[in-house]
Amino acid sequence: MAYNYHKSQIYGSGKFDYVWVTNVTETQGFIDATTGATYVPAWTDDTVLLASFNNNINGGDITFSGESITNWLIYKKEDGNNTLTYVATVPSTQTSIIDYNVKNNTGYSYQVFAETPSFLSQPLITSESVTTSWWNWSLVGLETTSTDNFYYVDTDNVWKFDTELSSEALVQNVDRNTFEGFTKYPKVTKSDKNYITGGITALISNPVNGVYSDTVAMKNNFRDFVNNGEIKLLRDRKGSAWLVETMSNEFQLTDKSAEQITQLTFKFTQIGDSDEISAVERG
Amino acid sequence: MLYKPSYMRPYLSDIDETVSNTFSCNINADGGTTATKYNAYISDLNGNVIYSTGVQTLSTPLYNGQTLNITIPTGTGMTNGTNYIWNVSIYGANFDIWIANGIVGTGSTTTSINLGTSTLIKTGMYVKIGSESKLISDYNSTTGIATTSAFSSVPASGTDYSVYATYITSNDTYFRARSQATLTINTVTSPITAKNYTFEGTYTQTDNVSYKYFQWVLYSVVSGNYVEIETTDKITSGNVEYTFDGLTTSSTYGVKLILENQDGTDLQTSISTFTVTYTSPELSTASTAVVNCDKTAIQVSWVPIPVNAGESIGTYTILTDTPFAGAYSVELDSTSSIYWTSSNLIIPPEFTLFLNWQSATLGWSGILYEHSGVGIDLVAMSTVAPQTNNVGDRYFNTSTHLLYICNQINTWSSSGTTPSVNEIYVYNGQNYIYNGTTLVTTAYTLPTYTISYNDGIFTSQLDNMGTSTTKTVTVSTIAKKWLLQANGADKGQDYRWDDTATWNDTLYWTDRTTDYANNHWFKITGQSNALQVVTH
C-alpha cells in the first residue's frame, strides 16, 4: 500500500526537453526505446502527464509534430449514407456535445477528430450507431451564431408535443403558372419555390408519471417563443425535420377540466433545410 | 428581307489586337431570306474608319438565327489600350431594304435624279420611281444628285421616290482593345504537409485593367472524380489568395481560380491537383453516442485528454531547436520552477518518469524534479452535512463513512463515495487515511519522490508510507589527482601543469568536470525502485 502523488514539479537551473509520467512500471524494452537522442514522447493510454514545452508549459496536452490540440471536430453519418456531415467544432477542453439536429427513427454514428493549428488527427474510434426513437413532435428554438448554418439550441425552448396531438396536412407549396395561348398546350412557368406549411395541435405539456399539469408561465413562454423571430427546428414522429418559422398560434383552455388544460395550435412555414445546418447545445 | 443583326460580339468587352479575333453577330431575316455578303468596319471613337474587311461573299449563305463569324486579323491599326466602335453591313440578294422616301427635285434627267441631300442614301442603293427601280451608281451627298441608268422618262419634280438597299448595317458597337489578361495558380506545394494551406494566384493585364472579383473552388478528388467541397464568395479586394483549413492527410485535392476583370473578361484556370500528407496520430480513445430522449437529441462523448495547465514560479524560457532541430525545451534558472497539480493528475505509487534534462548552470547541483502527494482537504467530519459550503468542498460523513462533494453552493451531492485507500485526507491539520471502513488518523506524511544531481551523480529519493528508497546513478566520476592546488579547488576552472612547481603530496589536481552536466543531455528514467540515466 502506498499513496498517490498529485503534484509534479521541475526545478532550475536546468533545461527540460520533456517531462513524461505514466501510471505503470514500464518494461525495460519500453524504456530502452525512449533513450535515443531525438526521441519524442507521445501520449499513450497510460500517460498521466506529458509536458513537451511546445511553446507552452501545459502538462496534460497531447501533442503531435510539435503542436497541441486546439479543438475537437465532430462529424456524423446517417446509417446507409457514407457522407460525413459536420456537426460542431469545440475547444479541446470540451469532451461532449449534444446534437439536436437528428431525425426520429434514424441511425447515426459520430466521428471525432483532434485539430491542431496545422494538423487533423485520424478520427477517434467511431461510436457505435445509435437510433433515435421517441414518440413526439418537437419544436426547438435555435440561436444564430457568427458561423453560417451553425446554431446553438435555446435549451429553454425545447418543446415536445406528445399529448392529444394532431397534425394538419403537410402542404407542399410550389410555384406553377399556366398561360393559355392559341397553341394546343399551355405554357407552364415555374420557380424553385418548394416549401412545407402545416400546423400542430397538442397540449402544451405532457403528463409526468401519469399526472398532467401546465402553467400560465409555460403558456407565456411559448407565446414569446412563437413570436421571437428566431429560426426553429421542427421534427415529426416519422423522421422528418424542417427549419421553420412559426406563423401563428392559438391557445385553447379546456374549461371543464380542473387543471384548465391548455391546448395550443400553431402554424408553421418551412424556411430552410435541416440537412444544411448544425444545432448543438452550447458547451 | 434582312433586318439589323443582333448579339454583336465583342460588345462592351475586350479583344487583344495582337492576335486574330473573331467578331460575330446573329443574322435576322425573314424566312427564306439569306445573308450572302458582309462588310465589317472598325472605327475609332471619332468616327474614322481604321479597318474594313471589304465586302466578303459568304461561301454558305446564312439564314435567320444563324451566326456570322468574322475573322479580324492582326495589323488592323488598332492599338491595345484604346477603345473602338465596330459595325457590320449584311447583304442580301434583293434590294428590298427600305432606306428613305422623298420627292424628286427640279432639274432631273432620265439618268440624273435630284433626290435631295440625305445621309441615308448611298452609292449602290436603288431608287424606285413609279414601277421602275434603278441602281444608284453614284450619289453626290452635297448636291443630292443620284446617277442611275436611264428611266423611261424624266421624273417630274414633286414625284414620289423610294430608296432601297440590298444590305443593312448594324448599330455601332463599342469594344476595347486590351492586351490578353492571364490568370494562373502559383505552384502548389505537393504534398502539402499540414491541414491548412494558402493558395496564391497571379493575375496580369498590362493595360492596368484590375480585377472585379475572384473566386476559388476547392475539390476533393475521389476515385478520379472532382467533388466540389468549397467555393469562396466573390472576393473583391486584396491579394489573389485563399487559405483553406481542413485538409486531411492521405487525400488528393484540386483547386481552381476564377476571376472577372473590370472590363468583364472572365478568366479561369484549369484545376491544379495536389496531395496532402502529414503524420496524423491515431488516438486510441473512442467516442460514444447515446440517445437523450428527454432532449430529443444525441449526446456524443469522448474520453477527455486532460489539459493540465502548468504554473511557473519565477521565470522560464521556451527554447526552440533544443536539444535538436525541431525540438522544444524549457529553461529555468536556479530560482524558478514549473509545476502541474490537479485532482485529475494522479501519479500512482508505481509509475515511470521520463525526463530529458541538461544543467543550465556550470557546477549546479540540487533537486531537478519532484512529485509529491497533495492532501485532500475536508471541511468537516461529522454525521450531518455542513449547511454552508462552496463548490468543490468535501466532507466525510462519519455515519455513512462516505465522502460528499459540494456541486453547487450550499448543496451537497446526493450520493457519497467511498474514500480511497491511496489518498491522505486532511482535516483540521490532521492527516487521515481510509482503513477500509472509515477514516482514521495517521502519522504518515504526504509522499514525495525527488531526483537530484550533484557532481556527475543522479539520485532518486522516494518516501511513501514510511518506506524510503534511494537510488543513485553515477554518470561521471570526478577524477581527483595529486596536483599543485589545495583540496577543494574550484572544479569549474581550468588548470595546467606548472613546470616550475615541485611535487607536494599535500596538494591536489582537480579535473575540470563541472561542465559535464552542461555539455550533455541526460535521459532519466525513474521508477519507484529504479533509476536509469543515459547520457547524450
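How do strand 1 of chain A and strand 33 of chain B pair, and over how many bridges? Strand 1 (residues 7–11) of chain A runs antiparallel to strand 33 (residues 366–372) of chain B, and four bridges link them. A quick word on terms: strands (E, at least two residues) and helices (H or I, at least four) are DSSP runs numbered from the N terminus, and two strands pair if DSSP finds at least two bridges between them.

Some ground rules before going on. This is a predicted model, in which local features need pLDDT of at least 70 and side-chain atom pairs count only at pLDDT 80 or more, while totals for chains, interfaces and linings use all residues. Residues are numbered from 1 along each chain as its sequence is written, with chains lettered from A and ligands numbered from 1 in the order in which they are written.

**Where the chains meet**

Back to that cross-chain pairing. A:Gln9 has B:Glu370 as its bridge partner in strand 33 of chain B, and A:Ile10 has B:Tyr369.

Leaving aside residues up to four places away in sequence, A:Lys7 touches B:Tyr339, B:Thr341, B:His371, B:Ser372 and B:Val374. Contact here is when C-beta atoms, placed from the backbone, lie within 7 Å. A:Lys7 counts as partly exposed because it has 17 C-beta neighbours inside 10 Å; the scale runs from buried (20 or more other C-beta atoms within 10 Å of its own) to exposed (12 or fewer), with partly exposed in between, and C-beta atoms are placed from the backbone.

Taken as a whole, the contact draws 82 residues from chain A and 101 residues from chain B. On the chain B side, strand 32 (residues 352–359) gives the most, with eight residues. That side of chain B has 53 nonpolar, 39 polar and nine charged residues. For those classes, Ala, Val, Leu, Ile, Met, Phe, Trp, Tyr, Cys and Pro count as nonpolar, Asp, Glu, Lys and Arg as charged, and the others, Gly among them, as polar.

**Two open sheets in chain B**

One open sheet has three strands in the order 10-14-13, with antiparallel pairing. Its edges are strand 10 (112–114) and strand 13 (138–139) of chain B, each pairing on one side only. Strand 13 is tied to strand 14 (residues 145–147) of chain B by two bridges, and B:Asp138 stands opposite B:Thr147 of strand 14.

The other open sheet has four strands, ordered 35-36-37-38, and its pairing is mixed. Strand 35 (380–382) and strand 38 (411–412) of chain B each have a single partner strand, so one side of each is left without a neighbour in the sheet. Strand 35 pairs with strand 36 (residues 394–397) of chain B in the parallel sense over three bridges, with B:Ser382 opposite B:Asn397.

| Site | Feature | Angle |
|---|---|---|
| A:Gly12 to A:Ser13 | cis peptide bond | omega about 10° |
| B:Ser190 to B:Pro191 | cis peptide bond | omega near 5° |
| A:Asn209 | positive phi, not a glycine | phi about 50° |
| B:Asn208 | positive phi, not a glycine | phi about 65° |

A:Ser13 is in the loop between strand 1 and strand 2 (14–22) of chain A. B:Pro191 belongs to the loop between strand 18 (182–185) and strand 19 (196–204) of chain B.

As for the two asparagines, A:Asn209 lies in the loop between strand 15 (187–203) and helix 2 (216–226) of chain A, and counts as exposed with 4 C-beta neighbours inside 10 Å. B:Asn208 is in the loop between strand 19 and strand 20 (211–222) of chain B, and also counts as exposed, with 8 C-beta neighbours inside 10 Å.

**Confidence in chain A**

The predictor's confidence in each residue is its pLDDT, from 0 to 100. Chain A has a mean pLDDT of 90, and 96% of its residues reach 70 or more. Within chain A, strand 16 (residues 232–235) has the highest confidence, at 97, and strand 4 (residues 63–64) the lowest, at a mean of 57. Where pLDDT is low, the predicted coordinates should not be read in detail.

Terms used: Contact = placed C-beta atoms within 7 Å.
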